[in-house]
Amino acid sequence: MKVNANTMRPGHVLEHNGKLWVITKTAIVQPGKGGAFIQLEMKDVRTGNKSTERFRTQETVERARLDEHEMTFLFAEGDSFTFMDKETFEQVAIPRDIIGDPAVFLQDGMEVTVQSHEGSPLGVEIPGKVTLLITESDPVVKGQTASSSYKPAKLENGVSILVPPHIEAGTRVVVDTASGEYVERAKD
């Protein structure tokens, strides 16, 4: 299935040069001269070799047809994450490198989509946003009134993010799982 290159996200799988590649990182680059392009860090599904490719943002790439299964995250053990199929109750262990950076946002009981090709798991799509508790945050510095002033804070999963000055420890916030950035204060 042909898709625009700029719609590719970490965890997506594409066919390129006759091989299956899972995307581990994306970056849209806008040079001072010329058109914007997307840089994809990819890993070969079969061999584990890494590659970096650049595509113009309007270019199309071949996204691989995958089987998708709705699964529930159960637990993490070392660098392996265990998921349970919601229909067959079969448990599958998936290594951290297949999940990529968003693995730090996995929570017990989280509903995810696991993509597989010929029975072997290739990627895990987690929800776009998660709600987490702030466990530590720096105090507000007096006189910092610029609209774009942010302060560091630590989430319950150990990840550090930048939050607005009004967010204190004990506050629940919504975090974007793709970029790891603060979105808003949780509504609950």
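These are my notebook entries on a predicted protein model.

**Ground rules**

I kept in mind that this is a predicted model, where local features need pLDDT of at least 70, side-chain atom pairs count only at pLDDT 80 or more, and totals for chains, interfaces and linings use all residues. I count residues from 1 along each chain as its sequence is written, and side-chain values use heavy atoms, with hydrogens and water left out.

**Entry 1: the whole thing**

I looked up the overall layout and found 1 helix and 16 strands. Helices (H or I, at least four residues) and strands (E, at least two) are DSSP runs, numbered from the N terminus. Taken along the principal axes, the C-alpha atoms fill a box of roughly 60 × 50 × 25 Å. Of the 188 residues, 38% are buried. My cut-offs: buried is under 20% relative accessible area, exposed is over 50%, and partly exposed is in between (1.4 Å probe, protein chains only).

**Entry 2: the record**

I checked UniProt, where an unreviewed entry lists residues 68-122 as "domain: Translation elongation factor P/YeiP central". I noted that such annotations may be inferred rather than shown by experiment. In the model, that span is 56% strand and 7% helix, and its end C-alpha atoms lie 10 Å apart.

**Entry 3: salt bridges**

How many salt bridges are there? I get 8, where the rule is a side-chain nitrogen of Lys or Arg within 4 Å of a carboxyl oxygen of Asp or Glu.

R63 pairs with E125, and their closest N and O atoms are 3.6 Å apart. R63 sits in strand β6 and E125 in strand β11 (residues 120-125), so this contact ties together parts that are 62 residues apart in sequence. Is R63 buried or exposed? R63 is buried, at 18% relative accessible area, while E125 is partly exposed at 29%.

Next I looked at R96 and D79, whose closest N and O atoms are 3.7 Å apart. R96 belongs to helix α1 (residues 96-99) and D79 to the loop between β7 and β8 (80-85), so the bridge joins parts that are 17 residues apart in sequence. R96 is partly exposed at 32%, and D79 is exposed at 56%.

Then came E168 with K151, at 3.6 Å between the closest N and O atoms. E168 is in the loop between β14 (160-163) and β15 (172-176), and K151 is in strand β13 (residues 151-155), 17 residues away. K151 is buried at 7%, whereas E168 is partly exposed at 37%.

**Entry 4: a negative patch**

Which residues form the negative surface patch? I wrote down D67, E68, E70 and E87. A patch takes residues with over 30% relative accessible area and no salt bridge, with like charges joined within 9 Å. E68 lies in strand β7 (residues 67-77).

Most residues other than glycine have a negative phi. I found a positive one at N17, with phi near 55 degrees. N17 is in the loop between β2 (13-16) and β3 (19-29), and N17 is exposed at 65%. F89 also has a positive phi, near 60 degrees. I located F89 in the loop between β8 and β9 (91-95), exposed at 56%.

**Entry 5: T60**

Last, I checked T60, which is in strand β6 (residues 60-63). T60 is partly exposed, at 44%. Its C-alpha is 16 Å from that of A27, 33 residues away along the chain.

Definitions and conventions:
Patches are made of residues with over 30% relative accessible area and no salt bridge: like charges are joined within 9 Å, nonpolar side chains (Val, Leu, Ile, Met, Phe, Trp, Tyr) within 5 Å. Accessible areas come from the Shrake-Rupley method with a 1.4 Å probe; for residues, only the protein chains shown count as cover. Lys and Arg count as positive and Asp and Glu as negative; His and the chain ends are not counted. The place of a charge is taken as NZ of Lys, CZ of Arg, CG of Asp or CD of Glu.
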